[in-house]
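I opened the model to look at its fold, its packing and its aromatic rings. My notes follow.

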Amino acid sequence: MKKLSLVICVYNEEPSIYPLSEQIKEGLDGIDFEAIFVDDGSSDNTVAEIKKINDERFILVELKKNYGQSSALQAGIDQAEGEYIALIDGDLQNDPADVPMMLKMIEDEEWDMVAGIRANRQDGMFLRKIPSKIANYMIRKSTGIHMKDLGCTLKIFTKETIKSIHIYGELHRYIPALIALEGATHLTQVDVNHRPREFGSSKYNLGRTTRVMSDLILMVFFKKYLQRPMHFFGTIGIVTLGIGVLINIYMLILKILGNDIWGKPLLLLGILLVMGGIQFITIGIIAELQMRTYFESQHKKPYRVKKVGSTKA
């Protein structure tokens with residue numbers, strides 16, 4: 001088994017491949033590693049450039065089409081066989097020379113994950129830095145994962161930690177939160193080098209903001225209610241149903257007293273709240289059934305054991 005697996009997702013990064021491969025060879029000299037390039041459906045000559053590396057330590061995983069960064073990362077992680085697995089960008093902004101330092105940290109100090117913090121970040125202020133700071137703040141407050149730079153791809157994990165999760169949609173931003181949900185508690189971060197982009201243009205833009213917020217809502221739900229969805233939907237449903245019933249009782253009393261209640265907005269609101277409350281409760285029951293199917297069909301446990309040992313001295 002290799003000591004380290006390096007997972008690099010690339011999409012139309014043709015000019016970056018050769019210099020990145022040379023930097024990996026130089027930066028990881030003396031380390032038993034494999035570097036897994038995952039091509040996420042590139043339309044340029046990225047694949048041809050990877051094949052030119054001609055080194056058995058470099059592996060190419062070609063996806064049939066562009067699935068997005070999360071799916072590409074998962075494909076690389078599934079392929080990885082190293083004792084430790086590192087993630088790094090393919091655009092030369094992350095420095096492979098930082099990996100040995102992070103590898104030493106995770107080995108010597110027994111961390112589950114060591115994440116990079118982009119020191120002196122080389123990105124645009126208004127389109128990248130400010131939105132990133134706002135997003136990091138919201139994610140920290142919402143998930144309880146107190147990390148300074150959740151957007152830095154450069155991270156290293158123990159094999160057990162990163163393979164305990166599956167990354168779907170665009171949840172690659174929330175990997176620390178996902179592994180925390182699986183019981184990883186020893187997480188740390190360290191300053192790493194961040195370099196200006198030399199080739200091409202960034203795939204990120206402000207249009208991703210709504211997707212980040214949508215994923216954040218999902219992560220908050222995962223953190224608080226994954227194993228008890230009825231507590232979330234049921235609470236909303238009972239409150240909504242209760243308010244609707246009270247409104248309808250009030251309207252019924254008015255009707256008995258001889259008032260014309262037909263078509264009044266309050267009556268319509270009461271009916272809608274009753275129907276909405278029943279729907280929320282029904283969704284909660286269905287979510288509970290799905291949660292139980294999720295755990296039982298895959299023989300998953302709703303807990304993680306840290307250590308088992310004898311009390312005998």
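What is the order of the strands in the open sheet? I read it as 3-2-1-4-6-5-7, seven strands with mixed pairing. Before going on, I note that this is a predicted model: local features need pLDDT of at least 70, side-chain atom pairs count only at pLDDT 80 or more, and totals for chains, interfaces and linings use all residues. Residues are numbered from 1 along each chain as its sequence is written, and side-chain values use heavy atoms, with hydrogens and water left out.

**Sheet**

I took helices (H or I, at least four residues) and strands (E, at least two) as DSSP runs, numbered from the N terminus. Two strands pair if DSSP finds at least two bridges between them. Strand 3 (58-62) and strand 7 (187-193) are the edge strands, each pairing on one side only. Neighbouring strands of the sheet are turned by 20° against each other on average, direction ignored. For angles, axes are lines fitted to C-alpha atoms, for helices over the stretch in contact, and values run from 0 to 180 degrees between N-to-C directions.

Strand 5 (residues 113-119) pairs with strand 7 in the parallel sense, over seven bridges. A119 has N193 of strand 7 as its bridge partner. Helix 1 (residues 14-27) packs on the sheet and touches strand 1 (4-10), strand 2 (33-39), strand 3 and strand 4 (84-89). Its direction makes about 165° with that of strand 1. Contact here means heavy atoms within 4.5 Å.

F37 has L60 of strand 3 as its bridge partner. With helix 2 (residues 46-51), these two strands make a right-handed β-α-β unit. Right-handed means that, with the strands pointing away from the viewer, the path from the first strand over the helix to the second runs clockwise.

**Cores**

I looked up the nonpolar cores next: sets of buried Ala, Val, Leu, Ile, Met, Phe, Trp, Tyr and Cys residues joined through side-chain atoms within 4.5 Å. Buried means under 20% relative accessible area, exposed over 50%, partly exposed in between (1.4 Å probe, protein chains only). The largest core has 32 residues, and V38, L87 and I175 have the most contacts inside it. Helix 3 (69-79), helix 7 (175-181) and helix 8 (209-225) are among the elements that each supply at least two of its residues. Apart from it lies another core of 30 residues, including L28, A35, I50 and V99.

Helix 3 is mostly covered, with eight of its eleven residues buried. Its cover includes strand 1, strand 2, strand 4, helix 6 (159-162) and helix 7.

**Aromatic rings**

Rings of Phe, Tyr and Trp (its six-membered ring) pair if their centres lie within 6.5 Å; planes under 30 degrees apart count as stacked, over 60 as edge-to-face and the rest as tilted. I found seven aromatic pairs by this rule.

Why is the pair F37 and F58 stacked? The ring centres are 6.2 Å apart and the planes stand at 20°, so the pair is stacked. F37 is in strand 2 and F58 in strand 3, so the pair ties together parts 21 residues apart in sequence. F37 is buried at 0% relative accessibility, and F58 is buried at 10%.

F221 and Y225 have ring centres 6.2 Å apart and planes at 35°, so this pair is tilted. Both lie in helix 8, four residues apart, about one turn of the helix. Y225 is partly exposed at 23%. F221, Y225, F232 and F233 form one aromatic cluster.
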